[in-house]
Amino acid sequence: MMEDTTMYAEGLHVTAKCIFQSSNINTKKVMENLTGYLNSDIEAQRAVAAASLSAMLESKKPEKPAAVTEIVGHLAAKNSDQSAIVRIFCIRGLGSLVNFGPEIVNIHADSVIKVILSGLEDNSSAEGFTNIAPVEAMKSLNRILPVIEHSRIQDDVMSFAMRLRPFFESGNPVIRATAFALFGSLAAVVEKQTVKETFVQEIHNVMVILLLHLNDENTDVSSTTRAIFKLLLPLLKSESLNNAFSYPEGVAYGRHLRLICSCLGSEYAEKIPMYLNLVIGYFRSESATLRANAALLAGNLLAQASNSANPDTVPSHVSPAVIHLLADKEPMVRLRAAEALGLMYQKASH
């Protein structure tokens with residue numbers, strides 16, 4: 001037996017899934033033997049039991065709905081287990097209900113949503129791995145969104161959206177891309193008018209993050225961020241932004257940003273001060289790419305603000321902060337800061 005509980009449980013999970021997929025096993029007897037270990041004082045035993053039940057659902061076993069309901073009940077209950085690896089398999093198992101089709105997913109929608117929401121807030125680690133529960137929760141959410149009835153998820157859309165926000169800044173590009181993609185998928189299922197209005201405000205709250213990551217260090221993240229705007233734009237109902245995002249992928253970031261900020265300045269001028277207050281926080285980012293992007297975005301936003309009806313509402317500390325970036329240690333940041341100041345000067349001189 002491997003000493004590492006996490007690796008042992010993962011290994012057994014894969015093995016169990018292969019067995020369940022290839023054999024006619026008496027699932028009722030297997031369940032009876034496993035469930036007794038879910039409350040064991042030994043973490044490895046609880047992890048193995050949860051991993052095996054999760055593997056059973058991933059293998060579309062058992063076939064009887066009542067037995068599926070029993071497993072769902074066990075996994076939902078163990079989602080509060082003190083062991084992170086146990087909780088992870090609970091999330092994975094419930095996400096696997098999609099294998100049984102929309103009807104089963106919607107029957108157990110409340111349990112699935114509760115477990116995924118909990119997983120997105122799970123900051124613990126298992127055997128040195130961090131963010132594994134939130135990542136598992138995002139994977140499960142991504143699987144169930146296409147099949148869950150939209151009416152069942154309306155009241156939870158904003159809870160999901162706001163819990164995704166911290167993962168937009170993850171150091172792991174896979175997590176960033178997954179979080180951005182899910183944010184777009186959530187926008188696509190919004191139907192309730194009050195939820196639409198709140199979601200639109202959340203789009204504005206994360207607009208700066210989205211625009212900065214259009215030029216992410218990782219091309220997959222950049223492509224994902226660009227793609228989700230196609231799902232967000234119908235909620236914003238902006239023809240000019242639609243046109244700005246109709247340009248083929250590969251257009252220079254600086255040019256694209258000017259087009260987008262011009263649209264924001266004409267249609268959402270009242271949001272510019274908020275955007276500026278948010279973007280300045282990225283001037284201290286550890287990522288040189290984000291600092292450079294932030295400088296350029298600030299310059300474009302300031303240029304738009306100078307044309308607004310209320311230029312006095314622009315935060316006064318942004319321009320000095322851009323100037324300060326001229327002394328940044330990275331040439332790319334200094335170049336973008338100079339470009340930003342040029343944009344500001346051009347607008348001010350007209």
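Reader: Which residues make the contact between H4 and H5?

Author: Val72, Leu75 and Ala76 in H4 meet Cys90, Gly93 and Leu94 in H5. Contact here means heavy atoms within 4.5 Å. The model is predicted, and every value below is computed from it.

Reader: What makes the contact of H4 with H5 nonpolar or charged, by class?

Author: The contact has five nonpolar residues, one polar and no charged residues. Gly counts as polar, and Gly93 is among the residues that H5 brings to the contact.

Reader: How are the two helices set against each other, and at what angle do they pack?

Author: H4 covers residues 65-77 and H5 residues 84-95. They pack at an angle of about 145 degrees, with their axes 9 Å apart. Their crossing is left-handed.

Reader: Next, the aromatic rings. How many aromatic pairs does a search of the whole structure find?

Author: The search finds four.

Reader: Why is the pair of Phe168 and Phe180 called stacked?

Author: Planes under 30 degrees apart count as stacked, provided the centres lie within 6.5 Å. The rings of Phe168 and Phe180 have their centres 4.5 Å apart and their planes at 20 degrees, so the pair is stacked.

Reader: What does the pair of Phe168 and Phe180 tie together?

Author: Phe168 lies in the loop between helix H10 (157-164) and helix H11 (173-189). Phe180 lies in helix H11. The pair therefore ties together parts that are 12 residues apart in sequence.

Reader: How do you know whether Phe168 is buried or exposed? And Phe180?

Author: Buried means under 20% relative accessible area. Phe168 is at 0%, so Phe168 counts as buried. Phe180 is also at 0%, so Phe180 counts as buried.

Reader: What makes Phe229 and Phe245 a stacked pair?

Author: The ring centres are 4.2 Å apart and the planes stand at 20 degrees, so the pair is stacked. Phe229 lies in helix H13 (residues 219-236), and Phe245 in the loop between helix H14 (239-244) and helix H15 (253-267), so the pair ties together parts that are 16 residues apart in sequence.

Reader: Which residues do ring pairs link into a cluster?

Author: Phe168, Phe180, Phe183 and Phe199. Phe183 and Phe199 are also named, with Leu97, as the residues with the most contacts inside the largest nonpolar core, which has 120 residues.

Reader: What does Phe199 touch?

Author: Leaving out residues up to four places away in sequence, Phe199 touches Val157, Met158, Ala161, Phe183, Leu186, Ala187, Val190, Leu232 and Leu235.

Reader: Why is Leu117 called buried?

Author: Leu117 has 13% relative accessibility, so Leu117 counts as buried. The cut-off is under 20%. Leu117 lies in helix H7 (residues 109-120). Its contacts beyond four places in sequence are Asp156, Ser159, Phe160 and Arg163.

Reader: Why does Ser140 count as buried?

Author: Ser140 is at 3% relative accessibility, so Ser140 counts as buried. Ser140 lies in helix H8 (residues 132-144). Apart from neighbours within four places in sequence, Ser140 is in contact with Ile91, Arg92, Gly95 and Ile116.

Reader: Which residues does a cis peptide bond join?

Author: Lys61 and Pro62, with omega about -5 degrees. Pro62 is found in the loop between helix H3 (43-58) and H4.

Terms used
Residues numbered from 1 in each chain as written. Predicted model: local features only at pLDDT ≥ 70, side-chain atom pairs only at ≥ 80, totals over all residues. Heavy atoms only, no water. Axes fitted to C-alpha atoms, helices over the stretch in contact; angles between N-to-C directions. Helix = DSSP H or I, 4+ residues; strand = E, 2+ residues; numbered from the N terminus. Left-handed = near helix turned anticlockwise from the far one by under 90°. Core = buried A, V, L, I, M, F, W, Y, C linked by side-chain atoms within 4.5 Å. Buried < 20%, exposed > 50% of the residue type's maximum accessible area, 1.4 Å probe, protein only. Phe/Tyr/Trp six-rings, centres within 6.5 Å; stacked < 30°, edge-to-face > 60°.
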